[in-house]
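Keep the sequence and the 3D view side by side as you read.

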Amino acid sequence: MKKMNVIYTLLSLFVLLFAAAGLANAQEERGAIHGAIYIDVNGDGVCVNTGVEGEDPVAGVPIEFVSSDEAVVINLETGADGTYGLVAAGQSIWRVTAKPDASEWTVTSENPLYPPVLPETGLIQTDVNFCVANGSGSGVGGDAVIVLPESGAPASTAGLGTLIPALSVMGILFIAIGVVLEVRRRQTIS
């Protein structure tokens with residue numbers, strides 16, 4: 001009888017350790033953020049696919065991505081077609097900031113933007129777009145009305161990455177304890 005208790009206890013511990021190891025090695029799903037930067041001819045803060053002549057793509061504009069816990073900072077640039085993309089973005093509410101050369105361009109759209117890359121909102125965020133006007137005050141966009149961004153910060157999702165696996169391990173532990181107790185109860189009845 002005691003030998004069976006030991007076997008069931010060891011079996012329960014093995015299942016618990018196997019499940020905990022699987023949770024520890026599980027990788028979170030990753031997403032992506034895609035967008036573009038275009039010239040804002042009339043300064044209205046809207047410049048992507050508007051049909052307005054002269055609202056062309058802007059290449060080589062630096063884009064900064066910062067995770068909501070500020071543990072990850074990634075810098076990219078727009079391509080020749082004015083687009084950019086961050087692939088394999090971890091789950092977070094990302095702060096995406098267009099950082100053009102201030103002597104050449106001024107951002108007329110909201111900047112930064114906060115696209116959430118989360119299972120409940122979608123892991124792939126598209127149309128995270130920015131508009132820029134000529135920053136020198138002359139030429140294309142020289143008469144643009146500049147729309148200043150609003151201040152604010154994204155809601156923090158810090159800690160969720162470790163909370164969910166910890167709760168899962170606790171649940172498995174309670175199930176294993178329940179199995180061991182049920183086996184013992186049945187053995188005492190027999």
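Predicted model: local features only at pLDDT ≥ 70, side-chain atom pairs only at ≥ 80, totals over all residues.

Start with strand E1, which covers residues 31-39. Is the strand open to the outside, or enclosed? Count its buried residues: there are eight, out of nine in the strand. A residue counts as buried when its relative accessible area is under 20%. E1 is therefore largely enclosed by the rest of the structure.

Which strands pair with E1? Take strand E4, residues 83-89. E4 and E1 run antiparallel, and six bridges join them. One point of contact to find in the view is Gly-31, whose bridge partner in E4 is Ala-89.

Strand E10, residues 130-134, also pairs with E1. Here the sense is parallel, and the pairing extends over three bridges. Look for Ile-39, which stands opposite Val-132 in E10.

Strand E9 spans residues 124-125. It too runs parallel to E1, with two bridges between them. In this pairing, Ile-33 has Gln-125 of E9 as its bridge partner.

Now move to an open sheet. It has three strands, in the order E3-E2-E6, and the pairing is antiparallel. Why is one side of E3 and of E6 left without a neighbour in the sheet? Strand E3 (73-77) and strand E6 (95-98) stand at the edges. Each has a single partner strand, so one side of each lacks a neighbour in the sheet. On average, neighbouring strands of this sheet are turned by 20° against each other, with direction ignored.

Strand E2 takes in residues 62-66, and five bridges connect it to E3 in the antiparallel sense.

The structure holds one. It joins Cys-47 to Cys-131, with an S to S distance of 2.1 Å. The angle about the S-S bond is -100°, and the link is left-handed. Which parts of the chain does the pair link? Distant ones: Cys-47 lies in the loop between E1 and E2, while Cys-131 belongs to strand E10, and the two are 84 residues apart. Both Cys-47 and Cys-131 are buried.

Terms used: Residues numbered from 1 in each chain as written. Heavy atoms only, no water. Buried < 20%, exposed > 50% of the residue type's maximum accessible area, 1.4 Å probe, protein only. Helix = DSSP H or I, 4+ residues; strand = E, 2+ residues; numbered from the N terminus. Pairing = 2+ DSSP bridges. Axes fitted to C-alpha atoms, helices over the stretch in contact; angles between N-to-C directions. Disulfide = S-S within 2.5 Å.
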